[in-house]
Amino acid sequence: VIAGLEPAAVGRVRIGDESWQEGARSLPPHRRRVGFVFQHPVLFDHLDVRANLDYALHRRRTDGAGLSFDQVVELLGLGILLSRRAPGLSGGERQLVAVARALAQQTDCLLLDEPAAGMNPQETSDLDQLICKISEEEKIAILLIDPAFVKRRCPAADLHGLGRTDGLGARFSDGDHDTQRPVVGRADVLD
């Protein structure tokens, strides 16, 4: 629904002052500034990293907001990878390029579907820290669909009963009270 990929969906989605969905009226997916990162990174294998990132530039915002291309490359530490072709990258490197491509679009929202899938423990830890940094410093809304991330960041979290909010928050219990709170940044849980 947030991405606009379910044409029959009915609901309400607002990012800032912009309405993406009101009832059955929906802004088309190509007009929403959503950066997607899927479980398995989708890169153009015939292109090098720079060209994969350049592809995102045609979807950039025109209001000057967001990170520049160079800032994205520096934030993700991709400078040494720019000339490497996609098939020669490790799984973790491919995933970082996918995150960089989403950020290079100067999106309003990042939709991350289990972005650490297939990464080794060090790459997973680095990506977890990067997600937190982006959320805290760059003020980009992040919808993270990844119960494993919640468990890594909050080992005491009980994810049972969260339903559709898995990955957005965690339920904590002190024995007398149950509370649910976001794990990264601010999360509005929608029904």
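## Basis and confidence

The structure is a predicted model, in which local features need pLDDT of at least 70 and side-chain atom pairs count only at pLDDT 80 or more, while totals for chains, interfaces and linings use all residues. Residues are numbered from 1 along each chain as its sequence is written, and side-chain values use heavy atoms, with hydrogens and water left out.

The pLDDT is the predictor's confidence in each residue, from 0 to 100. Its mean over the protein is 75, and 75% of the residues reach 70 or more. Among the elements, helices (H or I, at least four residues) and strands (E, at least two) are DSSP runs, numbered from the N terminus.

Over residues 160–175 the pLDDT stays under 50, and the model has 44 contacts (heavy atoms within 4.5 Å) beyond four places in sequence for them. Residues 178–191 are also below 50, with 32 contacts in the model beyond near neighbours in sequence.

## Nonpolar cores

A nonpolar core is a set of buried Ala, Val, Leu, Ile, Met, Phe, Trp, Tyr and Cys residues joined through side-chain atoms within 4.5 Å. Buried means under 20% relative accessible area, exposed over 50%, and partly exposed in between (1.4 Å probe, protein chains only).

The largest core has 33 residues, and those with the most contacts inside it are Leu53, Leu76, Leu78, Val99, Leu103 and Ile134. Two or more residues each come from helices H1 (49–56), H2 (69–76), H3 (91–104) and H4 (121–138) and from strand E5 (109–113). The largest share, six residues, is that of H3. Leaving aside residues up to four places away in sequence, Val99 touches Val37, Leu76, Leu127, Leu130 and Ile134. A second, separate core of eight residues includes Ala3, Val13, Leu27 and Leu111.

## Cysteines

The structure holds zero disulfides (pairs of cysteine sulfur atoms within 2.5 Å). Cys109 is buried, at 5% relative accessibility, and Cys132 is buried at 7%.

## Aromatic pairs

Rings of Phe, Tyr and Trp (its six-membered ring) pair if their centres lie within 6.5 Å; planes under 30 degrees apart count as stacked, over 60 as edge-to-face and the rest as tilted. The count by this rule is two aromatic pairs. Phe36 and Phe38 are stacked, because their ring centres are 5.8 Å apart and their planes lie at 5 degrees. Phe36 is partly exposed at 25%, and Phe38 is partly exposed at 42%.

Phe44 and Tyr55 form an edge-to-face pair, with 4.8 Å centre to centre and 70 degrees between the planes. Phe44 lies in the loop between strand E4 (34–37) and H1, and Tyr55 in helix H1, so the pair ties together parts that are eleven residues apart in sequence. Both count as partly exposed, Phe44 at 29% and Tyr55 at 44%.

## A buried glutamine

Gln21 is in strand E2 (residues 18–23) and is buried, with a relative accessible area of 2%. A polar contact is a pair of N or O atoms within 3.5 Å; within protein, one must be able to donate a hydrogen and the other to accept it, and residues adjacent in sequence count only if both atoms are side-chain atoms.

A polar atom of the Gln21 side chain lies 2.8 Å from the backbone oxygen of Gly23. The side chains of Gln21 and Ser26 are joined by a polar contact of 3.2 Å. Not counting residues up to four places away in sequence, Gln21 touches residues including Val1, Val13, Ser26 and Arg32.
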